[in-house]
Amino acid sequence: MADQREAILTRLVEVCGAVTGIVAAARNKLDVPGLARPAVIVQDGAETFLDAPGTGRNAARRLLRMELSPLIVVIVRGDNGAEAGTLLTLYRNRIVAAVLNDGPLGASVVDGGIRYEGISVAAPDAEAREYRGEFNLVFTSLFRLSDLAGV
Amino acid sequence: MNPSTIIARTDAAIAGYGQSVTLQRTAIDGATGGVSVTDEITCAAAVRNFIPQDLEAGEVQDIRVVLSPTGLGAYGVPSRDDRILIDGNPSNITQIAPLYYGGTLCRVNLLCRG
């Protein structure tokens, strides 16, 4: 069984970058090249297990459910004619819809395992025109430690 | 000392160790967030990067820019809605400090991030 972590993260960046209106997407960066806006940055975030792996001789072969929680950061420019909050809501909606309707991402998870955990918008920087909304999508996938032995 | 003397000295200093930058006035599409350039001007500026920023992860850094009113012309004092291209790389303008002497604009200090 292939490790789903990298497949999910790679595809997530592709899906976010293809959302209508998004100009640039990047992974694990502080910003996108050229400060292109609106932009999405996917931070890999945390991966934790849902099922305890246990111990014993066969623990490495046990099939576990893992939760991957990448942080999706939407960056827009606002204030001169554009309400940044409206734009952040717009792109949150589009990104969540695109992810939930994406075939490869749907095939990478189990138990219908894509969950939206809410958005956080930071207080605006008093000295700039950049606005960021950060939200987590949680992907539940299957994992077996012994599969990594072939890497 | 008078405003024209201060401006002349600023021009001379910028000519000595400055470089060319482009200021862009931008507009945001309220429906999509798309950014468009509505006006721009290329002028000479003194540019200095803040070295301690290099200790931060990533590519973003703070940049101090000094402009003379001579180069700004009809463009006027930049605003925080503007962007500045330094060596072709866009930065946001986070602080603007126009300096006046006797009511005449003599110099503009910018703090940029990009």
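Val47(B) touches Gln19(B), Val21(B), Ile63(B), Val65(B) and Ile86(B), when residues up to four places away in sequence are not counted and contact is taken as C-beta atoms, placed from the backbone, lying within 7 Å. This is a predicted model, in which local features need pLDDT of at least 70 and side-chain atom pairs count only at pLDDT 80 or more, while totals for chains, interfaces and linings use all residues. Residues are numbered from 1 along each chain as its sequence is written, and chains are lettered from A and ligands numbered from 1 in the order in which they are written.

Val47(B) belongs to strand β2 (residues 35–49) of chain B, where helices (H or I, at least four residues) and strands (E, at least two) are DSSP runs numbered from the N terminus. Val47(B) is buried, since 21 other C-beta atoms lie within 10 Å; the term buried requires 20 or more such atoms within 10 Å of the residue's own C-beta, exposed means 12 or fewer, and partly exposed lies in between, with C-beta atoms placed from the backbone. Although 33 residues separate Val47(B) from Ile14(B) in sequence, their C-alpha atoms are 9.1 Å apart in space.

In chain A, the 14 residues of helix α1 (residues 4–17) should span 20 Å at 1.5 Å a residue, and the end C-alpha atoms are 20 Å apart, which agrees; the expected span is 1.5 Å times one less than the number of residues. Seen down the axis of α1(A), the buried residues fall within an arc of 130°, so they line one face of the helix, the arc being that of the directions from the helix axis to the C-beta atoms. These buried residues are Gln4(A), Ile8(A), Leu9(A), Leu12(A), Val15(A) and Cys16(A), and their cover includes β1 (24–27), β2 (39–49), β3 (64–77), α2 (84–100), α3 (103–108) and β5 (130–143) of chain A.

The largest nonpolar core has 35 residues, and those with the most contacts inside it are Leu12(A), Cys16(A), Val40(A), Ile72(A) and Val74(A); such a core is a set of buried Ala, Val, Leu, Ile, Met, Phe, Trp, Tyr and Cys residues joined through C-beta atoms within 7 Å. At least two residues of this core come from each of α1, β2, β3, α2 and β5 of chain A, with the largest share, seven residues, supplied by β3(A). Apart from this core lies another, of 14 residues, among them Ile14(B), Ala45(B), Val47(B) and Leu110(B).

The contact between the chains takes 19 residues from chain B and 21 residues from chain A.

Key
Contact = placed C-beta atoms within 7 Å.
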